[in-house]
Amino acid sequence: MGEGDGRHLLVVDDEPAIVDVLATSLRFLGYDVAEATNGREALAKVRERRPDLVLLDVMLPDLDGFEVVRRLTAGGARVPVVFLTARESGEDVVVGLDLGADDYITKPFRLAEVAARVRAVLRRVEGPGGGTDRAVLRCADLELDTAAYEVRREGRPVELSPTEYRLLHHLLANAGRVLTHEQLLDHVWDHGAGDTAVLKSYISYLRRKLDAHGPPLIHTRRGIGYVLRAPQE
């Protein structure tokens, strides 16, 4: 069938030519692709089709892409999102990632780049076993259930964005080990979508959420990176 193996994608852009070329290229690779040209249509298609990933333009005629993601999140939808946009400012990148986007591609883009980003995000979301293996990562009173996509501290749920979840997952998987800025950026943000300022912001977000339920777990190694370890260590 091709690399897509029939997985469902949704392409959202207000320019029909862009929608057409992306949808045609991704279908050629074996993906099942739905299309939308505005934010409200995108929300309806997500509810209807439950896509595995959404390619979402930021500048839409009714609801912008950021608002679409806000509404998806508020409605409890957990769907990977890759933003497509002509905006290139670091502020827009931070806004998109902070809302839970999994990647960010600026226009004009190459089709091969889009395909690579889609593969990378799906690979991260599904994991090496296709998302079917259950594993719970633990450190002290912190638990991350990879199958249920849940995080708990002292048995209480901790709500995280997809990017916060991936960052915490990598820290927990390497508990007790100092991870450099470069290692964290390479693992959590593919293709240079993140930088040290973005990483610092997300570490701050995680600390605020985790420390609300207990002593600090994430520690800074100044000039090197971060380590997650139990309080007594």
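Predicted model: local features only at pLDDT ≥ 70, side-chain atom pairs only at ≥ 80, totals over all residues.
Asp57 lies in strand S3, which covers residues 53-57. An unreviewed UniProt entry lists Asp57 under "modified residue: 4-aspartylphosphate". In the model Asp57 is buried, with a relative accessible area of 2%. That value falls in the buried class because the class takes in residues under 20%. Apart from neighbours within four places in sequence, the residues in contact with Asp57 are Val12, Asp13, Asp14, Gly65, Leu84, Thr85 and Lys107.

Helix H8 is made up of 16 residues, 196-211. From first C-alpha to last, H8 reaches 22 Å, close to the 22 Å expected at 1.5 Å a residue.

Seven names make up the buried set of H8: Val198, Leu199, Tyr202, Ile203, Tyr205, Leu206 and Leu210. Viewed down the helix axis, these buried residues fall within an arc of 160°, so they line one face of H8. An α-helix has 3.6 residues a turn, so residues three or four places apart point the same way. On the face of H8 turned away from the buried side are the exposed residues Ala197, Lys200 and Arg208.

Arg221 stands opposite Gly225 in S12. The hairpin has 3 residues between the strands, and Gly223 takes a positive phi near 80°.

Technical notes: Residues numbered from 1 in each chain as written. Heavy atoms only, no water. Helix = DSSP H or I, 4+ residues; strand = E, 2+ residues; numbered from the N terminus. Expected span 1.5 Å × (residues − 1). Buried < 20%, exposed > 50% of the residue type's maximum accessible area, 1.4 Å probe, protein only. Arc of directions from axis to C-beta. UniProt positions renumbered as here; feature names shortened; annotations may be inferred. Contact = heavy atoms within 4.5 Å. Pairing = 2+ DSSP bridges.
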